[in-house]
Amino acid sequence: MHPLASPRFTSTDYHTAGEPLRIVHEGGPIPPGATVAERRVAAMADADGADSVRRLLCQEPRGHADMYGGFVLPPDNEGAHFGILFWHKDGFSTACGHGTIALGVWATDTGLVPSNPNGCTEVRIDVPSGRVSATIERSNGELVAATFQNVSSHVIARGLQVPTSRGVVPVDLSYSGAIYASVRAADLDLSVSASHYTDLIALGREIKWALNDSPEAVHAGDTRLSGVYGTILWDDLGRDASGPIQRNTTVFADGEVDRSPCGSGTGARVALLAADGTLGAHETLRHYSIVDTIFTATWSPAPDDSAVIPRVSGTAYQTGTHTFLLDPKDTLGDGFVLR
């Protein structure tokens with residue numbers, strides 16, 4: 001019998017600007033460790049069956065190649081309300097902005113964190129890259145906006161010359177809970193549109209793997225955060241009185257596509273745009289996704305003068321509740337992925 005044939009796993013699913021988050025809050029694994037960062041390392045080795053459960057809930061027929069979720073965990077200490085171990089089809093993430101937004105809405109929707117019905121409520125969450133927060137604004141109990149405040153974010157390198165199947169292109173690297181590569185889509189003769197979806201995935205993967213093991217992709221403070229998590233392919237849509245307007249698609253893990261404008265990826269873009277003066281201290285970035293949903297983003301200075309604290313705002317909504325299981329007679333086991 002498959003080891004997952006008897007447990008049941010309960011989730012509440014949300015989407016943030018079109019990107020799913022499967023929040024597993026009952027029956028999920030709790031890998032060993034004193035912090036969420038340590039639990040992520042243990043989960044990667046399948047401690048407490050964490051990687052097995054990830055595959056079961058992420059892969060088909062219960063999920064799909066672009067599924068995203070997380071296991072709710074105890075916080076690192078009493079300063080946070082809870083911890084979360086984010087996952088996708090290829091493993092476990094160090095950070096997730098769209099997920100933090102959804103978790104803040106979920107925590108206040110359910111009463112896990114008591115919510116101000118006419119004002120703002122801060123939800124503090126421990127993730128592998130540190131402590132983040134979601135500020136949930138409501139009016140008469142209804143959601144107005146959810147704002148994700150990320151960890152200190154900074155530019156790593158600019159103008160790295162990366163060979164691709166469409167020639168050598170300049171690529172910027174920045175950190176915002178994870179390391180992202182940014183490349184202008186036009187430099188690859190593409191635009192961020194659904195009609196270029198397949199090519200965007202292919203080029204995003206090429207750039208990620210070209211840089212993933214480079215010296216620039218080694219995190220100086222914590223090697224567990226090393227490696228390029230995703231490639232942000234972006235279009236410049238100009239600017240208005242409030243600030244710059246851009247569209248992006250983020251190809252992360254190994255070819256997974258973020259339907260939202262990518263929360264931590266938006267933070268990585270903010271670090272670049274703030275550093276070169278494109279996004280001023282009192283301006284707002286309007287950041288569109290490949291499906292035309294939107295995040296807005298601002299920043300404040302970090303204690304390190306070369307870094308910023310990004311704040312990314314959007315909305316998240318519940319899509320359903322689920323109790324998952326594996327029938328002992330099911331020969332598909334924990335499933336499959338068609339990509």
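**Ground rules**

I am working with a predicted model, in which local features need pLDDT of at least 70 and side-chain atom pairs count only at pLDDT 80 or more, while totals for chains, interfaces and linings use all residues. Residues are numbered from 1 along each chain as its sequence is written, and side-chain values use heavy atoms, with hydrogens and water left out.

**Salt bridges**

I started with the charged pairs. I took a salt bridge to be a side-chain nitrogen of Lys or Arg within 4 Å of a carboxyl oxygen of Asp or Glu. With that rule I get 19 salt bridges.

I looked at R138 and D109, whose closest N and O atoms are 2.7 Å apart in a salt bridge. This pair joins distant parts of the chain, 29 residues apart, with R138 in strand β7 (residues 130–139) and D109 in helix α3 (residues 97–110). My element names come from DSSP runs numbered from the N terminus: helices are H or I with at least four residues, and strands are E with at least two.

Are the two partners buried or exposed? For this I used relative accessible area with a 1.4 Å probe and protein chains only: buried is under 20%, exposed is over 50%, and partly exposed is in between. R138 has 8% and is buried, while D109 has 41% and is partly exposed.

Next I checked D172 and R158, which form a salt bridge at 3.9 Å, N to O. This one also links distant parts of the chain, D172 in strand β10 (residues 167–175) and R158 in strand β9 (residues 153–164), 14 residues apart. R158 is partly exposed at 39% relative accessibility.

K329 and D327 pair up at 3.3 Å, N to O. K329 is exposed, at 69% relative accessible area, and D327 is partly exposed at 32%.

I also found a network of salt bridges that links D51, R54, R55 and D334.

**Helix α3**

I went back to the helix that carries D109. α3 has 14 residues and spans 20 Å from its first C-alpha to its last, close to the expected 20 Å; the expected span is 1.5 Å times one less than the number of residues. Of its 14 residues, 12 are buried, so α3 is largely enclosed by the rest of the structure. Among the buried ones I listed H98, I101, L103 and W106. Just after the helix, G111 has a positive phi of about 85°.

**Pocket and cavities**

Grid points are joined across faces, edges and corners, and a volume is the space filled by probe spheres set on the points.

The largest pocket holds about 420 Å³. It has 23 lining residues, with R40, H88, F92, K208 and Y229 nearest its centre.

How many cavities of 30 Å³ or more does the structure hold? I count two. The largest cavity is about 70 Å³. It is lined by 13 residues, and C96, Y180, Y229, D258 and C262 are the closest to its centre. α3 turns up again here, giving two or more residues to this lining, as do β13 (243–252) and α5 (263–275).

The second largest cavity is about 30 Å³. Its lining is A37, R40, P128, D222, R224 and L225.

**Last look**

I ended at L326, in the segment after β18 (316–324). L326 is buried, at 1% relative accessibility. Its C-alpha atom is 4.7 Å from that of A5, 321 residues apart along the chain.

Notes. 1 Å grid on protein atoms, 1.4 Å probe; cavity = no way out; pocket = protein on both sides within 12 Å on 5 of 7 lines; lining within 4 Å.
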